[in-house]
Each structure stands twice: as C-alpha cells, then as structure tokens.
Amino acid sequence: MARTYESGDWREYRMDYGHPHRELEPPDREIAIVDEALAVLKEEGILPHTDYDHDKMLAHRRAVAERFEIPWTAITPRMQRLLYAVNAIRRPANMIAAGVFCGNTFISNAGSAVGPGACYQARQLIGVEIDPEKAALAERNVRKIDPTGVARVVAEDAVETARRFDGTIDLLYLDADGTPQTGKGIYLTILQAARDRIPAGGIVLAHNSVNCADRLKHYLAFVRDPAHMRASVNVIFDGEGLEVSAK
Ligand SMILES: C[S@@+](CC[C@H](N)C(=O)[O-])C[C@H]1O[C@@H](n2cnc3c(N)ncnc32)[C@H](O)[C@@H]1O
C-alpha cells in the first residue's frame, strides 16, 4: 500500500543549508510533526511502535553540532529527528547508507546506535561515498562520535557495496546522486543490488522524494508496488521529503 503523510506547513518550513543547526521552530512543534509521521508509519505496519528517547536524540544532535564539520546539508531538523527515530525504533543490526557526502545523513541514521544518542547495539553501520575526499571528511566526522568503528565510512560505489555486502541489510538509506546521466535514478539500481539481502520487515529510506520526485519516478513506482515492497509512505514535512518503504 502506498500512502502519503503531509504536514500542512511543509512549503513554509525552510532551512538554510549552510546553517543546519539553527532552530526552525519550537521543539514541541518539531516533535509533534515527527510523531504524526511516525504514527502513519506504525499504521502501515512499517514500524512496530513510535517510542524513542527524546533526550538521547538531543544528545545526538548536540554532539553532531559540536563535533561535525558540515560544509552544507539538506537534512532539516525534522528529517534528522525522523531518521534518528526510525533507526532507534527499528534497531537495524546492519545498515548501509548510500551517498553520505560529509556524513551528516549517515550519522542521523547511525546515531541511534553509536555515540551519546546510542540506545542499542548494532553490528555494522556502513556509510558509502564515491568521492574519496568527501568520504575522508565523513569518516573523520564519524570517528569524532563513534570511537568503536561500528559505524564507518567507505569510499566506493554504493551499488558495489550493496551487491557485495555479506549479511542482512536491515535498513538501507538512499541519498546518492549518481552520474549526470542517472542522477537520483541510481536509487533503484542500489536497491536492486541489495534487495535479496533485505529481510522481511527491513526498511528502505529514500531522501528527496519531494524535490527529486521526477528523477525518482521509476524508483517510487517500484517501491509503491505491493508486489515489491509491503508498504510505502511518502513523508512530506519539508521540501526534500523521505519515502519510507518496508519489505
Ligand atoms: C547530494 S549528496 C547527499 C547530501 C545529503 N542529502 C545531505 O543533505 O547531507 C549525494 C552524494 O552521493 C555521492 N554519490 C554519488 N553517486 C554515488 C555512488 N554511486 N555511490 C556512493 N556515493 C555516491 C556524491 O558524491 C554526493 O556526495
């Protein structure tokens, strides 16, 4: 079943990509909007419940703001909270994040298992970035939050990482922008490379379901087809959006 969650104010909710830590709304408002999205994910059977530790989420947010070097990011505070919460609730043992740039998207997912926001023990959390310099920056950033190495960044093509990964991929986060020819169309290639290792109940998150909907049309048609994914929800609470799908 495909469904949409849309907050009434998403067109007015805007961040400055160069100042990602600026508060955009009162904390209660941010929590309420993310709670509404989580409730829809629960109704669709994508998440078992909607509870996550708000203090740990804030500890994670603070650590990223203090320790990460972020040239820019399109991850809004609402999206950061949702990514943290989905991971904190689903608790993937193994997670792959494709196209992580400086690592902010990756740690928004991994931060529920490593660093001051950790609420469970993961096995392997892998951020993949094809550009070696960006990958090095992301790895430096992640090391400042996770000294254990459970979360790490590799410099390679996420299609290859997904194809070769040995184990279940319990959560796959897609954000790679591919080549000028493929653009975000690469999401479907990465998903197809990973799909046989995604277990029943596994979650796939796709950033930019709103502002790149056209480039993602084949991907979105695929995940919204119940023959491929059990459920899929387009979460629209900022200008980027997140398609949340469950196998
Ligand atoms: C636009 S950035 C994502 C930024 C993120 N949404 C944020 O707001 O922080 C996409 C990244 O995907 C990387 N990328 C493109 N193709 C890739 C591939 N095949 N495998 C891994 N990374 C890839 C690019 O180098 C780029 O850093």
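Predicted model: local features only at pLDDT ≥ 70, side-chain atom pairs only at ≥ 80, totals over all residues.
## Ground rules

Local features here need pLDDT of at least 70 and side-chain atom pairs need pLDDT 80 or more, while totals for chains, interfaces and linings use all residues. Residues are numbered from 1 along each chain, and side-chain values use heavy atoms, leaving out hydrogens and water.

## Helix α2

Let's start with α2, which runs over residues 54-67 (a helix is a DSSP run of H or I, at least four residues, numbered from the N terminus). From first C-alpha to last, α2 reaches 20 Å, close to the 20 Å expected at 1.5 Å a residue (that is, 1.5 Å times one less than its number of residues). At its start, a side-chain oxygen of D53 comes within 2.9 Å of the backbone nitrogen of D55.

Which residues of α2 are buried? They are M57, A59, H60, R61, A63 and V64, where buried means under 20% relative accessible area with a 1.4 Å probe, counting protein chains only. Their cover includes α1, α3 and α4.

## Around the ligand

Of the 20 residues around the ligand, T73, A74, E129, A158 and D175 come nearest (around means a heavy atom within 4 Å). A backbone N or O atom of A158 sits 2.9 Å from a ligand nitrogen. The protein covers 93% of the 600 Å² of accessible area that the ligand has on its own (Shrake-Rupley method, 1.4 Å probe).

## The cores

The largest nonpolar core has 56 residues; such a core is a set of buried Ala, Val, Leu, Ile, Met, Phe, Trp, Tyr and Cys residues joined through side-chain atoms within 4.5 Å. Its largest share, eight residues, comes from α3. A second, separate core of 30 residues includes V128 and L188.

Terms used
Helix = DSSP H or I, 4+ residues; strand = E, 2+ residues; numbered from the N terminus. Buried < 20%, exposed > 50% of the residue type's maximum accessible area, 1.4 Å probe, protein only. Contact = heavy atoms within 4.5 Å. Polar contact = N/O pair within 3.5 Å; in protein donor to acceptor, adjacent residues only side chain to side chain.
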